[in-house]
Amino acid sequence: MEANRQFIMIAIERARSSKPEPGRKDPTPIVGAALVRDGKVIGDGFRGMTGEGDHAECGLLTLLTKKGETLSNCEMYVTLEPCTQRSAGITPCARLIVDCGIRRVCIGILDPNRRIQGDGYWLMNESGVEVSFFPVDLARIVMTDNKPFIDFHRSPRWLPSPEFRRLDDWYHIINGIYLDKNVDKDPIWVFAHLVEVIAGLSLLATEKRKPEFSIENYLPKAIAWWLALCSSVGVRSAEELLWMKFPAICAYCQLPVHVEKRCKEAKSLSENLRVR
């Protein structure tokens, strides 16, 4: 662990050399990266090191590749979650990390941009890269160094107002908030908590109702834990998941406009199949 902290501090220190981008209206992140092989740092870098706007990970990996370094099975320590979106013709950092065969990535903080937050983590994780996070005390240093960047993207003005917010907006927001807490949790563990909350909701439909069990307290919890479960098993879009189950308004007649007779026939058939 001490060696890990040493490598993390190298990334943090290098991040402070990040170069601002002239003409850019929004704050640029301060990002540093260190690449380790067999317990030794073989290279480090920062945002803008290889050119204006160049990401730390991309610049570092590109330089080492040109030098003929073998990057497979290396470990990377990077202060900000590797990106999944770049301008046309530029490979996003998370994809480049996967393509280079990096076996382990340790991240300081997730990208505060809610539109892409967590995407880099999932892309690498699903591609077989072992992903972990900085210890809390060192992550706080990264947060302090990036306060203008974080404040800009966490500002409510960058979110659609609640009445116009899509389900996937809530999905990314909620899982972005709790990703560092739930990321190592087994899906079965998350499912167990969801069942526990739903059990509380079920009491509201019986004569066993208790004062502490209110719809206002338990429905948001149930939705949040369901979204956490979706995230833990790698669901990309909660909206698409629901539409796969309910492609139209009615789950039985499957028509955009409910037809009672057809609905009853479909429901009856469904019940008969379950009995058999």
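Predicted model: local features only at pLDDT ≥ 70, side-chain atom pairs only at ≥ 80, totals over all residues.

Residues are numbered from 1 along each chain as its sequence is written, and side-chain values use heavy atoms, with hydrogens and water left out.

Me: How many helices and strands does the protein have?
Reply: Helices (H or I, at least four residues) and strands (E, at least two) are DSSP runs, numbered from the N terminus. The count for the protein is 11 helices and five strands.

Me: Is aspartate 168 buried or exposed?
Reply: Aspartate 168 sits in helix α7, residues 167-182. Buried means under 20% relative accessible area, exposed over 50%, partly exposed in between (1.4 Å probe, protein chains only). The relative accessible area of aspartate 168 is 11%, so the residue is buried.

Me: Which residue's side chain makes a polar contact with the side chain of aspartate 168?
Reply: Aspartate 168 touches Ser237, Ala238 and Glu239, leaving aside residues up to four places away in sequence; contact means heavy atoms within 4.5 Å. A polar atom of the aspartate 168 side chain lies 2.9 Å from the backbone nitrogen of alanine 238. A polar contact is a pair of N or O atoms within 3.5 Å; within protein, one must be able to donate a hydrogen and the other to accept it, and residues adjacent in sequence count only if both atoms are side-chain atoms. The side-chain partner, at 2.6 Å, is serine 237.

Me: Which elements do the buried residues of α2 pack against?
Reply: Helix α2 spans residues 56-66, and its buried residues include Cys58, Leu60 and Leu64. The buried residues of α2 pack against β1 (32-37), β2 (40-46), β3 (75-80) and α3 (93-99).
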